[in-house]
Amino acid sequence: MIKSVLPRERTPQSATPSITVEPEKITPNAMEPLGFARYIAWVTLLLVLLLSCLLSTYLGNTARTTLMAKQKEFSALLAENLNHQIYRRFTLPTILGFGRIALRQTAVYERLDNVVQSTIHGLHVEHLRIFGHDQVITYSTITDELGKDELAHPSITAASASSDDAPIFDIDSAVPYWKAFFSFSLDPGAFILRTTYPLRMENRLTSSEDEGPLMGVLEFTRDITPDMLTAIRFQQLIVVVTLMSSGLMVILLLLFIRRAERVISTRMAEERRLQVELLQHEKLAGMGRVIASIAHEIRNPLGIIRSSAELLLKRSTSSQDTGTTRILQAIFDEARRLSQTVSDFLDYARPRQIKQVQVNLSGVISQALAFLEPEFASRKIHAEYSDLTNAQALVLGDTDMLYRAFYNIMSNAIQAMKNTGILRITLASAPATGETPTLRIVFHDSGDGFAAETLPHILDPFFTTKDDGTGLGLPIVSSIITSHGGSLTLENAPTGGALVIVTLPAQMSSSLLTL
C-alpha cells in the first residue's frame, strides 16, 4: 500500500483553477513572421503598383492619342470642306459677278457668312476666323474682331508660308492634364483644338497639279473637353481596376503568409514542447534507473535494520531504560518511513504491469475507507460516501493498483484537512465519451484547497512543498489512472476545498445514477 502522500499548501481560493492529466493543447507563444516572404510580398506590391502606373499611363495616352487623331482627322476634313464651299459658293461666284471680293460690303459679307454658317452648322465649331495676307481678320463669327491684327496666332504665319494644304493643329488647355486627371469634372472650354488651314483657289478645272493661289488663312476652334474627359475617365478606370486587383492579390498573399506563420509557429511550439518533454523524460528515466538501482541496493539492508529495531523494541518494553526505548522507537519509525520512501521510488521508476480483470470500484473504495477508519476517527474527520445503487461499478483493471490510488488520494485529503473536516466521496456514472460509458469518482475535502501557484506543478514528479515529502504520491496516482485509460483532474471547488476527480472507462448497466 502507498502510504506516502503529497503535502499541499492550502490557501482559501475564490477562483477554481484546475489541472488535468490529458493531452496538452498547444498555443504558440508568439508569432514568428516569415520576414523574407513578407519582404517579397511588399516588393511585389511596389512592382505591381509601378507596372500599374506605367500600364495605365500607356493605355491612357494611347486612348488619348487615338482620340486626338480622330478629332484632327475630322477637323482636317472640315477645313478642306470649308475651303471647297467658300471657293465654290462664295469666291468663284463673287469674282465672276463683281470682279473682286469686297467683304466691307454688307451683302458680300453676309453671303460669306451664310456659306460658313451652313457648312459648320451642327459641327460644334466654337469660333471661326479668316485672316488676310496681312494677318488682319477679314471674317469672324464674332463681328467685333473684324479688322484686328493682334489676334493672329503664330500658326497663321506658318500656314501662310506653307506650300501645301496640311492643317496645323494646336491644343489650348485651361488646366494641366495631370490636374485634369484628378478632377471629378471639367468646365466647358477646358480643352480647345485649334485648326489652322490655308485657303486656296482650286485648280480642279485644269490638269495642273499645283496648288492654287492663297486667298487667306482659315482658323477655327472646337471644344474637345467632353472627349478628353472620356479619355481621362478611361485612364482612371484602368488605374482603379489595376490598383484594386493588385491590392487584392497582395492582401491574399499576406493572408496566406499569416496563415503559414501560424501553422509554422504552432509546429515550432509543438516541436519545442516535445523536445522539452523528451529531455525531461530522458532525465527522469535516467534518474529513475539510478534511483531504482540505489533503492534496490538499500532495500534489503533497510529491511534488516527495521526488523531488528522492531525486535529490540519488543524486548525493551519490559526494561526500565526509557531512553533506549525512545531511541529504538525512533530507529524503527525512521526505518519504516525510509522503507516506504524507497517503495515509492521503485513504484515510480518501475511501474507494474496492470492486470486486466473486472474490478468493482465500490468495493475498492469501501475497503480503503475501512482501512483508514481509525485515522479518520483520530483526526475527527467524517467521511461521506455516496455509492451507486442497484448496480455494480465495474471497470477493467488491476484491483491492487486502483486500491493504492484511492488510498493515496484519501490519505492526502486527511493530511490536508489536518484536524476535523468532511471528506465527501461520490461514485456515479459520467457522460459517455463516444460509445464507451464512464465512471466518475469525486473526492471533495473541506480543506483550504490548492494554492494557485502550486496547482500547475502538483503532478510534476518530485515536486513537493513539504520538507519530508518525496513528491511522488500524486504522480504515482496519475500513472495508475492513466494506465487504466482514465484521467485525473485536480481543481478547487467553488464552495471551498479541493476536488480530485477520477474518470475511468466503465463496464456497467445503464441504470447508473448521473452526477
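Here are a few notes on a predicted model, point by point.

1. Ground rules: the model is predicted, so local features need pLDDT of at least 70 and side-chain atom pairs count only at pLDDT 80 or more, while totals for chains, interfaces and linings use all residues. Residues are numbered from 1 along each chain as its sequence is written, and side-chain values use heavy atoms, leaving out hydrogens and water.

2. The sheet is open, with five strands in the order 3-2-6-5-4 and antiparallel pairing. Strands are DSSP runs of E, at least two residues, and helices are runs of H or I, at least four, numbered from the N terminus; two strands pair if DSSP finds at least two bridges between them. Strand 3 (137-140) and strand 4 (168-173) sit at the edges, each pairing on one side only. From one strand to the next, the twist averages 20° (axes are lines fitted to C-alpha atoms, for helices over the stretch in contact; angles run from 0 to 180 degrees between N-to-C directions).

3. Strand 4 and strand 5 (residues 191-200) run antiparallel and are joined by six bridges. Ser173 stands opposite Phe191 of strand 5.

4. Helix 2 (residues 106-120) packs on the sheet, where it touches strand 2 (125-131) and strand 3 (contact means heavy atoms within 4.5 Å). The helix direction makes about 50° with that of strand 3.

5. Two non-glycine loop residues are worth a look. His124, between helix 2 and strand 2, has a positive phi near 60° and is exposed at 62% relative accessibility. Lys380, between helix 7 (361-378) and strand 8 (381-386), has a positive phi of about 60° and is exposed at 65%. (Buried is under 20% relative accessible area, exposed over 50%, partly exposed in between, with a 1.4 Å probe and protein chains only.)
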